[in-house]
Amino acid sequence: MDGLQASVDKMRAEGIGDAAIDTFAHHYRRLRDGESGVLAEADIEPVTELPDAEDLSDADASAALDQAVVIKLNGGLGTSMGMTKAKSLLEVKDGMTFLDLVAKQVLELRERGGARLPLVLMNSFATRDDSLEALSGYDALSADLPPDFVQNKVPKVRADDLLPVSWEADPALEWAPPGHGDLYTALVTSGLLEDMLGKGYRYAFVSNSDNLGAVLDPRILAWFAESGAPFLMEVADRTASDRKGGHLARRRDGGGLVLREIAQTPDEDVDAFQDVSRHRYFNTNTLWVDLEALRALLDERDGVLGLPMIVNRKTVDPSDKSSPEVVQLETAMGAAIDVFEGARAIRVPRRRFAPVKTTSDLLALRSDAYVLTAEARVEPAEGRDGPPVVDLDDDHYKLLADFEARFASGAPSLVECERLTVEGDVLFGADVVVRGAVTVEHDGDGQLRIEDGTVLEG
């Protein structure tokens with residue numbers, strides 16, 4: 001049996017659009033032909049200098065703002081934290097969820113700029129209903145575009161024969177998300193790309209719904225529109241905590257910019273990948289896309305952008321390591337920097353990057369190390385360049401329910417904290433203050449309680 005044809009037939013039976021099928025087939029052929037999806041250190045060189053967003057001057061962005069759309073990637077369920085609903089519905093600051101704050105940010109920008117500025121979510125089937133219901137309370141958000149579109153899915157293929165895997169125990173596990181690089185394909189399959197262009201929208205500001213630092217900046221928009229670039233990636237200075245995140249580089253052969261992820265890095269190049277002094281800039285996953293340029297490139301390439309491929313090897317049931325080994329073919333949306341001729345990158349300050357991937361991130365965001373501005377922006381508190389480093393042990397804090405139980409009285413004060421490490425079963429009381437670098441260890445029986453009002457100082 002031909003694995004590609006079997007996969008295509010399976011996608012067609014599921015009602016998946018032609019552009020998504022063609023894109024999957026493109027990557028399947030590359031995998032079948034032996035492409036590994038790796039990007040060796042010998043093929044790239046570091047990027048040493050970039051334009052800096054903090055050097056941009058104020059400019060009239062009103063015309064460009066009225067042609068802009070805010071797209072938030074909202075497909076994640078927060079399963080790594082034990083959640084079963086959209087992660088964006090998690091309470092993060094002052095009783096509000098990610099989506100509450102995103103909605104308020106967009107409404108504030110509309111009022112200040114006098115622009116249409118629609119908010120559009122890229123949902124998954126699992127996040128769609130709850131997320132749209134949560135936003136339904138914001139009547140003022142209504143716009144001349146649909147409130148969302150849904151990302152595609154692709155079949156997992158067996159690692160041994162590249163046939164689409166069958167898993168009767170849970171057929172849903174036969175499918176995988178194709179990575180957020182599916183953004184561009186899903187805009188086509190949903191009809192939204194043509195809808196946006198037909199209504200006079202040209203610029204898309206794209207970021208993750210769990211990154212509350214990523215707010216449309218009119219200065220960057222004005223600069224992007226003036227530059228004529230088809231694509232712009234926001235990058236920030238890498239630190240030791242960013243060693244595993246995708247970094248910006250330049251291809252040696254043609255000099256174009258490229259994004260390299262850890263999954264694309266050969267084992268022998270991992271040290272170079274993680275060298276933050278060599279590869280200085282990491283991708284914040286906040287992008288700007290010229291929609292006219294996107295349509296032109298898709299037309300030129302018969303609907304397939306041809307993003308660099310990521311080969312993700314797993315088991316069909318991630319919780320069962322004895323289940324069949326499969327390959328998931330994925331792409332990253334930032335990798336489009338490699339396919340748009342003339343694509344650019346801009347350095348942004350760390351305050352534009354405040355994602356929540358773990359409960360450690362969540363604790364920092366809920367604490368007074370971050371403040372909520374009148375414009376619904378979440379920013380580091382005065383005197384801080386970024387959040388403290390928080391490291392909560394996985395055994396007691398990885399799952400949201402366990403985390404909430406141990407911080408039931410609220411996050412401790414971290415505004416003067418450099419690092420907080422917690423190892424063991426520790427219950428934090430109310431109004432605890434952490435200063436400097438502090439490690440709390442408890443390896444005894446039962447639970448250690450940090451009493452109300454305790455000051456921990458290192």
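## Helices and sheets in a predicted model

Two packed helices are described by the angle between their axes and the distance between the axes. Here is how that works out for two pairs:

| Helix pair | Axes come within | Crossing angle |
|---|---|---|
| α1 (residues 3-13) and α2 (residues 18-32) | 10 Å | roughly 160° |
| α2 and α6 (residues 182-189) | 8 Å | roughly 150° |

Are α1 and α2 roughly parallel or roughly antiparallel to each other? Angles over 145 degrees count as roughly antiparallel, and α1 and α2 therefore fall in that class. Their crossing is right-handed. On the α1 side, the residues in contact are Gly-3, Leu-4, Ser-7, Val-8, Met-11 and Arg-12, and they meet a set in α2 that includes Ile-21, Phe-24, Tyr-28 and Arg-32. Sorted by class, this contact has 8 nonpolar, 2 polar and 4 charged residues.

The α2 and α6 pair is likewise roughly antiparallel. Here Ala-19, Ala-20 and Thr-23 in α2 meet Thr-185, Val-188 and Thr-189 in α6. This contact is made of 3 nonpolar and 3 polar residues, with no charged ones.

**A parallel sheet**

Next, hop to an open sheet of 4 strands, in the order β20-β21-β23-β25 and with parallel pairing. Its edge strands, β20 (389-392) and β25 (455-457), each pair on one side only. On average, neighbouring strands of this sheet are turned by 40° against each other, direction ignored.

Take a look at the β20 end. β20 joins β21 (residues 413-423) in the parallel sense over 4 bridges, and Asp-391 has Thr-421 in β21 as its bridge partner. Lying across β20 and β21 is helix α11 (residues 359-366), which runs at about 135° to β20.

Over by β25, the loop between β24 (448-450) and β25 holds Glu-451. With 45% relative accessibility, Glu-451 counts as partly exposed. The C-alpha atoms of Glu-451 and Gly-429 are 5.1 Å apart, though these residues are separated by 22 residues along the chain.

**A strand with both faces covered**

Finally, find β10 (residues 203-208). How many of its residues are buried? The count is 6 of the 6, so β10 is largely enclosed by the rest of the structure. Tyr-203, Phe-205 and Ser-207 are buried on one side, and Ala-204, Val-206 and Asn-208 are buried on the other.

β10 also pairs with other strands. It runs parallel to β2 (residues 68-74), joined by 6 bridges, and Ile-71 has Val-206 in β10 as its bridge partner.

Note on methods. Residues numbered from 1 in each chain as written. Predicted model: local features only at pLDDT ≥ 70, side-chain atom pairs only at ≥ 80, totals over all residues. Heavy atoms only, no water. Axes fitted to C-alpha atoms, helices over the stretch in contact; angles between N-to-C directions. Helix = DSSP H or I, 4+ residues; strand = E, 2+ residues; numbered from the N terminus. Parallel < 35°, antiparallel > 145°, perpendicular 65-115°, else oblique. Left-handed = near helix turned anticlockwise from the far one by under 90°. Contact = heavy atoms within 4.5 Å. Nonpolar A, V, L, I, M, F, W, Y, C, P; charged D, E, K, R; others polar. Pairing = 2+ DSSP bridges. Buried < 20%, exposed > 50% of the residue type's maximum accessible area, 1.4 Å probe, protein only.
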